[in-house]
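Student: I'd like to learn how to read salt bridges in a model like this. Can you walk me through it?

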Amino acid sequence: MTIQIKRAYEPASDSDGCRVLVDRLWPRGVSKERAHLDSWLKEVAPSPELRTWWRHDPERMEEFALRYRAELDGDPLTVTAVAALRALVARGPATLVYGAKDPHVNHARLLAEYLAESPA
């Protein structure tokens with residue numbers, strides 16, 4: 001299973017494989033054509049409440065990761081969306097597309113780690 005992450009503002013490439021937007025909100029200023037997405041799974045993104053609490057604050061990253069994993073494991077809609085994402089990823093290379101500015105302080109990185117750690 002090959003999973004990478006990429007900002008929505010970076011150009012798509014052949015090596016991306018299946019491109020899945022994993023944000024609840026569409027990235028500002030990115031057209032559907034430019035995004036080159038195969039799917040948009042809003043439900044795998046952090047809840048609006050968790051995202052608001054976190055504010056992409058690096059000092060809250062550890063606590064955010066714990067809360068986000070609890071959401072991924074706990075909410076029935078999220079569990080269903082994660083299963084759909086796993087099915088897409090199982091087909092071959094996949095890229096989780098996100099809008100955040102920081103490549104290290106974002107939920108897509110955590111989601112990729114989560115998928116890699118728990119493949120079933």
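**Reading the salt bridges**

Tutor: Start with Glu117, which forms a salt bridge with Arg69, the closest N and O atoms being 2.9 Å apart. Glu117 lies in helix α5 (residues 107-117) and Arg69 in helix α3, so the pair ties together parts that are 48 residues apart in sequence. This is a predicted model: local features need pLDDT of at least 70, side-chain atom pairs count only at pLDDT 80 or more, and totals for chains, interfaces and linings use all residues. Residues are numbered from 1 along each chain as its sequence is written, and side-chain values use heavy atoms, with hydrogens and water left out.

Student: What counts as a salt bridge, and how many does the count come to?

Tutor: You need a side-chain nitrogen of Lys or Arg within 4 Å of a carboxyl oxygen of Asp or Glu. By this rule there are five salt bridges. One of them pairs Glu63 with Arg67 at 3.0 Å, N to O; both sit in helix α3 (residues 61-74), four residues apart, about one turn of the helix. Helices here are DSSP runs (H or I, at least four residues), as are strands (E, at least two), numbered from the N terminus.

Student: Are Asp16 and Lys6 buried or exposed?

Tutor: Buried means under 20% relative accessible area, exposed over 50%, partly exposed in between (1.4 Å probe, protein chains only). Both Asp16 and Lys6 are buried, whereas Glu117 is exposed at 52%. Asp16 and Lys6 form a salt bridge too, with closest N and O atoms 3.0 Å apart.
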